[in-house]
Amino acid sequence: MTARSYLRKGGFYLLVGVIVLQAVFPFYYAILTSLESGQAIFDVNYLPHVIDLSNYRAAFANGVFGHQILNSVFVATLVVVLSMLLAVTASYALARVPFKGRALLLLTVLSVSMFPQIAVLSGLFEVIRMMGLFNSLWSLIFSYMIFTLPFTVWVLTTFMRKLPSEIEEAAIMDGAPPLVIIRRIFLPLLWPAMVTTGLLAFIHAWNEFLFALTFLSTDGQRTVPVAIALISGRSEFEIPWGNIMAASVIVTLPLVVLVLVFQRKIVSGLTAGAVKG
Amino acid sequence: MATVDLRNISKNFGTVEVLKDVSLSIEKGEFVAFVGPSGCGKSTLLRLIAGLEEITSGDLMIEGERVNDVLPAKRGVSMVFQSYALYPHMSVYENMAFGLEQAKLSKDETARRIAEAAQMLQIEGLLERKPKALSGGQRQRVAIGRAITRQPRLFLFDEPLSNLDAALRGETRVEIARLHDRLAETTMIYVTHDQVEAMTLADRIVVLNKGRVEQIGEPLELYERPASRFVAGFIGSPKMNFLTGDAARQHGAATLGVRPEDLTLSAEQGLWSGKIALTEALGSDTFIHVDTPLSDKSIVARVSPRERFRHGMPVYLTPAPERLHRFDEAGAPVRG
Amino acid sequence: MAPQSGLARQRTRSAWAFLAPMLFVLAAVALYPLLRTIWFGFTDASLTSFSSARFVGFRNYLEWLDYGDGNGEWLGLLVDGRWWSAVWNTVRFTLVSVTLETVFGMIIALVLNQKFAGRAVVRAAVLIPWAIPTVVSAKMWGWMLHDQFGIINDILMRIGLLSAPVAWTASPDTAMAAVMMVDIWKTTPFMALLILAGLQMIPDDIYEAARLDGVGPVRTFRRITLPLVLPAVLVAVVFRALDALRVFDIVYVLTPNSPETRTMSVFARENLFDYDKFAYGSAASTLLFLIIAMITIGFIYATRMDLSGNRE
């Protein structure tokens, strides 16, 4: 190899190193900080020299944080399940039954995902108060549909379109009505797509902040993003960074693991949704 | 009463007329083939009978009942698809049982029918397998089995052999012929672009061209007495030779047709002279392509494999006079 | 037209039955609230009294307040300096973030498009910023950008780029930069993935042909890669831009109460809930919606026109 290509390769790997470092370091540092407490936090260091789990113990000490994690799990799971239920049948109609106005309808559904959340906030606030759902987790399960429904409908429609029509015709010849076709023939074939979509919707719901901030008013009801944003110390100047980092790590680690495990599916789901068919 | 009666069936896709005023009757137990080139409308016609497409105008009668608006499953019709269309996540047994489940048949009756069909098609050992573990020929038989279990009065085949390789095609063709014998009461409609399949399997053939019926008749009838130039050129392999211009006019037609097997080739004498352009030795026959001034295309003649002809040799072709086909400008046969 | 056959009828009926529940929920959670928000913008509603809100016309947007002594002034959203600075903040944020995210995303995508040892690990690592919840990112970076104990200041001072610690999130000069940086850090993986998908659709033979023709890497990129990947990039850019215009979470958590980073969404929310100017906030929300809607429609129109204009 010539000197020039050594330089090239070296430069390339340097770039790779920079990319990986910038991606991974912040989270690493958060973990580092979470494992320190008291005065140790305020000494700047880049490598771990203590492993102190007191921040983690404190996070779960009064049970509120644990409860908030459960809140998030509850909301995200239910939102995904309900969205899927509504979206599967809707996307069958949009993908496989030609009817007038179909393209326009799909475009309209998709455009809802373009709504700025703030634009529906005041209207939703009124609706939720009217339904008596203020400070209830159901307010979130309801309002999160505004982004999970268009997304799941769009992605599932894209995948449904690709299913072979001869199999559907065979089922029609066999006498299966549309609901049976969806349940017995298409659903088993769509399973991987549904896992991907569900995962992406789950992550989105888990991360949501604005609605959770606005519609929930007591700590016991809050979800994790709001809880972390509101962690405060006894005074203006005593921000408990150790606690904040510990809470952040607790909440993020499962997500990071999920994303790493399912990365292939997630990537294909994201690109299927965004690269317009 | 005919099993299937098509009365003035037309089909449009938007402004495109795909089928124009098609009428025909099919009797119980008949095996009828729809043949024609790509785009002639044969598959569309089949799908209309199946109920997968809407009929634009005309009436479709099955055993005397008008079924234009009847759901496919309620027409007593089963279909075998070109790509088999087996449900990939279900076993062979479940594939064959699915239609019966939808018809709310009892488990026992379902099992009985599947066992019977499996035995007929020799797929008993495959019942627990999934389609991806089957060979092409096996998948084809499962597809047929799935159609049989529903005990339809009408069996539809949509180019079932197209996806098989040549050797398998021959074997499966024989199996389908045997099936027709076993299920003598079941009417079968078979769509194909391969006229050899049609000729060997069908009781009657319907030749379609550009959405119209060109001719309906028994295979040999189509072969001996084609009703149009199109049918003459479509049926028979290798294709019939056509001559226009003076040679045709001399025989009182706009187009003259003669089959390769009705030509005699001689080095010494004959009616038309030409030079050998190509020889194809198939073993059982040899086909000689002769370039003549009578036509832009070479004339193909069949000769015995034992005779030896060389490229470039000047030769003479003589048609058997009673085997000449004459067509006028419109393509209609000239009699007399 | 011929009457529909049994099958077509059955399927069309089912289709509408399948769509109805989804459409109903969407109408309830999106359409109705949007209309209410727009309505509130034309009233004097407050947090405590929705039902007694009265129609006041365009007052929230623009009105002339007459002092009665021959003087008066214009009031309302359209002459509110804070609103316009919020608009400007949002536009600035969008332009810089999306541009840099696209550039960095392109670089990362090009890197990931090469085959090299450990590529799978790199791809996984690159996804991590995307996986971290926005709020958590804001807190993590808030800690790293801390003026006294943050490591960013520490590193920059050690290598001599800084002589004194900077209060990144608190100082007016740097607050927006901090917000942009965190957003770019978090969203670049998404852009990189979309661009990578576009890159992977380019067949390998094209690159081989270029190599055989002796085309250097820079020219290959400029003349071959870029034009072919541009459609995917454009779609990604538009999606990202529409997202960036709506930004809320990062700003609210990283730099709360900062005039330099107050975006339109933050402005609206402050008015809605913090200052009890519910109607005013609704009007601001409506304006933001209109801006996004116009850009979206413009984009759809542009791509449609492109499709029909280029139809051969």
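## A friendly note on the predicted model

1. Let's begin with one residue in chain A. A:Asn135 is buried, because its relative accessible area is 17%, below the 20% limit for that word. Please keep in mind as you read on that this is a predicted model. You will find A:Asn135 in the loop between α5 (117-130) and α6 (137-143) of chain A. Its backbone deserves a look too: the phi angle is positive, about 65 degrees, although the residue is not a glycine. As background, most residues other than glycine have a negative phi.

2. B:Tyr84 is not a glycine, yet its phi is positive, about 65 degrees. Its place is the loop between β6 (77-80) and α2 (92-102) of chain B. Is B:Tyr84 buried or exposed? With a relative accessible area of 7%, B:Tyr84 is buried.

3. In chain B, the peptide bond that runs from B:Ser237 to B:Pro238 is cis, and its omega is near 0 degrees. B:Pro238 sits in the loop between α8 (229-234) and β11 (241-244) of chain B. As a general rule, most peptide bonds are trans.

4. Helix α5 of chain C covers residues 151-158, and its buried residues are C:Ile151, C:Ile152, C:Asn153, C:Asp154 and C:Leu156.

5. Now for the interface of chains A and C. Here 87 residues of chain C are in contact with 91 residues of chain A. Between them the two chains bury about 8,000 Å², and 79% of that is on carbon and sulfur atoms. Three residues, C:Arg11, C:Phe18 and C:Trp143, supply 10% of the area that chain C buries against chain A, more than any other three residues.

6. What about charged and polar links across this interface? The count between chain C and chain A is two salt bridges. A:Glu126 forms a salt bridge with C:Arg36, and the closest N and O atoms are 2.7 Å apart. The rule also finds 16 residue pairs in polar contact across the interface. Helix α1 (residues 6-41) of chain C gives the largest share of the side that touches chain A, with 23 residues. Sorted by class, that side of chain C has 66 nonpolar, eleven polar and ten charged residues.

7. What lies 2.7 Å from a polar atom of the side chain of A:Arg96? It is the backbone oxygen of A:Met160. Leaving aside neighbours within four places in sequence, the contacts of A:Arg96 include A:Arg102, A:Glu168, A:Phe186 and, from the other chain, C:Arg11.

8. A search of the whole structure finds 39 aromatic pairs over all chains. The rings of A:Phe115 and C:Phe289 have centres 5.1 Å apart and planes at 85 degrees, so this pair is edge-to-face. A:Phe115 lies in the loop between α4 (102-112) and α5 of chain A, while C:Phe289 lies in helix α11 (residues 278-309) of chain C, so the pair joins two chains. Both of these residues are buried.

9. B:Tyr87 lies in the loop between β6 and α2 of chain B and B:Phe98 in helix α2, so the pair ties together parts that are eleven residues apart in sequence. B:Tyr87 and B:Phe98 are both buried. Elsewhere, ring pairs link A:Phe125, A:Phe134, A:Phe211, A:Phe215, C:Phe40, C:Phe273 and C:Phe278 into a cluster.

10. Last, a residue from chain B. B:Ala267 is found in the loop between β13 (263-266) and β14 (272-281). B:Ala267 counts as partly exposed because its relative accessible area is 34%, between the limits of 20% and 50%. Leaving aside neighbours within four places in sequence, B:Ala267 is in contact with B:Met313, B:Pro314 and B:Tyr316.

Note on methods: Residues are numbered from 1 along each chain as its sequence is written. Chains are lettered from A and ligands numbered from 1 in the order in which they are written. This is a predicted model: local features need pLDDT of at least 70, side-chain atom pairs count only at pLDDT 80 or more; totals for chains, interfaces and linings use all residues. Side-chain values use heavy atoms; hydrogens and water are left out. Contact means heavy atoms within 4.5 Å. Buried area is the accessible area (1.4 Å probe) that two parts lose on being put together, summed over both. A salt bridge is a side-chain nitrogen of Lys or Arg within 4 Å of a carboxyl oxygen of Asp or Glu. A polar contact is a pair of N or O atoms within 3.5 Å; within protein, one must be able to donate a hydrogen and the other to accept it, and residues adjacent in sequence count only if both atoms are side-chain atoms. Helices (H or I, at least four residues) and strands (E, at least two) are DSSP runs, numbered from the N terminus. Ala, Val, Leu, Ile, Met, Phe, Trp, Tyr, Cys and Pro count as nonpolar, Asp, Glu, Lys and Arg as charged, and the others, Gly among them, as polar. Buried means under 20% relative accessible area, exposed over 50%, partly exposed in between (1.4 Å probe, protein chains only). Rings of Phe, Tyr and Trp (its six-membered ring) pair if their centres lie within 6.5 Å; planes under 30 degrees apart count as stacked, over 60 as edge-to-face and the rest as tilted.
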